[in-house]
Amino acid sequence: MNAKGAVLVVDDDRAHRTMLKTLLSGWGYVIFEADDGDTAIEKVRERSFDLILMDVRMMRMSGIEALHEIKTIN
């Protein structure tokens, strides 16, 4: 099966990331993970994603703050 797209899953809870990774990879998506907003920003600078699923409440940087930064990346 060919990959449907690249998804970045961002959550500081490993169990949530694992659940989403298992579900989405079973549907044919290539999954990338980040455990905080800073790491998500770094990953977006490295490559593009078809979808980003991000937790809103994380310890070091909220998902909202990370998304504001990601929107500025070309």
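**Side chains and their partners**

Guide: We can begin with Glu33, which is partly exposed in this predicted model, as its relative accessible area is 27%.

Visitor: With which residue does Lys21 form a salt bridge, and how far apart are the closest N and O atoms?

Guide: Lys21 belongs to helix H1 while its partner belongs to strand E2, so the pair ties together parts that are twelve residues apart in sequence. Lys21 is itself partly exposed, with a relative accessible area of 36%. The partner is Glu33, and the closest N and O atoms are 3.3 Å apart.

Visitor: Is Arg17 buried or exposed?

Guide: Arg17 lies in helix H1, and, leaving aside residues up to four places away in sequence, Arg17 touches Val9, Asp11, Asp12, Glu33, Ala34 and Asp35. Its relative accessible area is 10%, and the cut-off for this class is under 20%, so Arg17 counts as buried.

Visitor: How is the pair of rings of Phe32 and Phe49 classed?

Guide: There is one aromatic pair by the rule applied here. The ring centres of Phe32 and Phe49 are 5.3 Å apart and the planes stand at 75°, and since an angle over 60 degrees decides the class, the pair is edge-to-face.

Visitor: How many residues apart in sequence are the parts that this pair ties together?

Guide: Phe32, which is partly exposed at 26% relative accessibility, lies in strand E2 (residues 30-34). Phe49, which is buried at 16% relative accessibility, lies in the loop between helix H2 (37-46) and strand E3 (51-54). The pair therefore ties together parts whose separation in sequence is 17 residues.

Visitor: Which residue lies over the face of Phe49?

Guide: Besides its pairing with the ring of Phe32, Phe49 has a residue placed over its face, at 5.1 Å from the ring centre. That residue is Arg47.

Visitor: Which residues make the nonpolar surface patch?

Guide: The patch covers about 300 Å². One of its members, Leu23, lies in helix H1 (residues 14-26) and is partly exposed, with a relative accessible area of 37%. The patch is made by Met19, Leu23 and Trp27.

Key:
Residues numbered from 1 in each chain as written. Predicted model: local features only at pLDDT ≥ 70, side-chain atom pairs only at ≥ 80, totals over all residues. Heavy atoms only, no water. Phe/Tyr/Trp six-rings, centres within 6.5 Å; stacked < 30°, edge-to-face > 60°. Helix = DSSP H or I, 4+ residues; strand = E, 2+ residues; numbered from the N terminus. Buried < 20%, exposed > 50% of the residue type's maximum accessible area, 1.4 Å probe, protein only. Lys NZ or Arg CZ within 6 Å of the ring centre and 35° of its normal. Patch = residues over 30% accessible without salt bridge, like charges linked within 9 Å, V, L, I, M, F, W, Y side chains within 5 Å. Areas by Shrake-Rupley, 256 points an atom, 1.4 Å probe, with all protein chains shown as cover. Salt bridge = Lys/Arg side-chain N within 4 Å of Asp/Glu carboxyl O. Contact = heavy atoms within 4.5 Å.
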